Amino acid sequence: MIVANRVIGIGLLLLSVYAWLAANTFPASMGQGPGPDFFPKMSAVILGILAIMLVFKKEETEGKVYAFHGRSSVRSFILAFIAIILYVILIEFIGFGVSTVLVSLAWMWLMGVRKWTTLIGASLIISAGISIIFEYLLGVPIPHGILY
């Protein structure tokens, strides 16, 4: 696990450097709030810090790591992948808000959440939170389909 953490950490650190450099190519802000490079640079810094922490994380035992444990985890992985593909396709047609609620419901269901109040409440909070942050606070337009 230690070697895997270091390899993944170095890969994520390189990805954060690439994201920072790519964000530098975005056009400059016109003086109203953060520019279009603000969120990618902030994400790159957070990713870089977490990647460095992963590289230098001290672990005491070396254990086996399984990517999948059993047939049900393979089935869940395939269904989660299909849900993401459908999310990308549906977001243009039915909109960001509704499609995010649906994919959040599906992913939480696949991860074992069975309480309906938690599923619905968390999905609505996730969708509304992302919409508020991006559309109203950062001024980034999100796709609005026929349902929102």
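What is the volume of the largest pocket?

1. The model is predicted. In it, the largest pocket has a volume of about 150 Å³.

2. By class, seven of the lining residues are nonpolar and two are polar. The lining has no charged residues.

3. The surface carries a nonpolar patch with about 990 Å² of accessible area together. Its members include Val17, Trp20 and Leu21. Also in the patch are Phe38, Phe39, Met42, Val45, Ile46, Ile49, Leu50 and Met53.

4. Which helices each supply at least two residues of the patch? They are helix H1, spanning 2–23, and helix H2, spanning 38–55. H2 gives the most, with eight residues.

5. Phe38 and Phe39 deserve a look in both places.

6. Phe39 lies in helix H2. Is Phe39 buried, partly exposed or exposed? Its relative accessible area is 33%, so Phe39 is partly exposed. The cut-offs are under 20% for buried and over 50% for exposed. Patch residues need over 30% relative accessible area, and Phe39 has 33%.

7. How far apart are Phe39 and Lys57 in space, C-alpha to C-alpha? The distance is 27 Å. In sequence, Phe39 and Lys57 are 18 residues apart.

Note on methods: Residues are numbered from 1 along each chain as its sequence is written. This is a predicted model: local features need pLDDT of at least 70, side-chain atom pairs count only at pLDDT 80 or more; totals for chains, interfaces and linings use all residues. Side-chain values use heavy atoms; hydrogens and water are left out. On a 1 Å grid over the protein atoms alone, a cavity is a set of points where a 1.4 Å probe fits but cannot get out, and a pocket is an open set with protein on both sides within 12 Å along at least five of seven lines; lining residues have an atom within 4 Å of a point. Grid points are joined across faces, edges and corners, and a volume is the space filled by probe spheres set on the points. Ala, Val, Leu, Ile, Met, Phe, Trp, Tyr, Cys and Pro count as nonpolar, Asp, Glu, Lys and Arg as charged, and the others, Gly among them, as polar. Patches are made of residues with over 30% relative accessible area and no salt bridge: like charges are joined within 9 Å, nonpolar side chains (Val, Leu, Ile, Met, Phe, Trp, Tyr) within 5 Å. Accessible areas come from the Shrake-Rupley method with a 1.4 Å probe; for residues, only the protein chains shown count as cover. A salt bridge is a side-chain nitrogen of Lys or Arg within 4 Å of a carboxyl oxygen of Asp or Glu. Helices (H or I, at least four residues) and strands (E, at least two) are DSSP runs, numbered from the N terminus. Buried means under 20% relative accessible area, exposed over 50%, partly exposed in between (1.4 Å probe, protein chains only).
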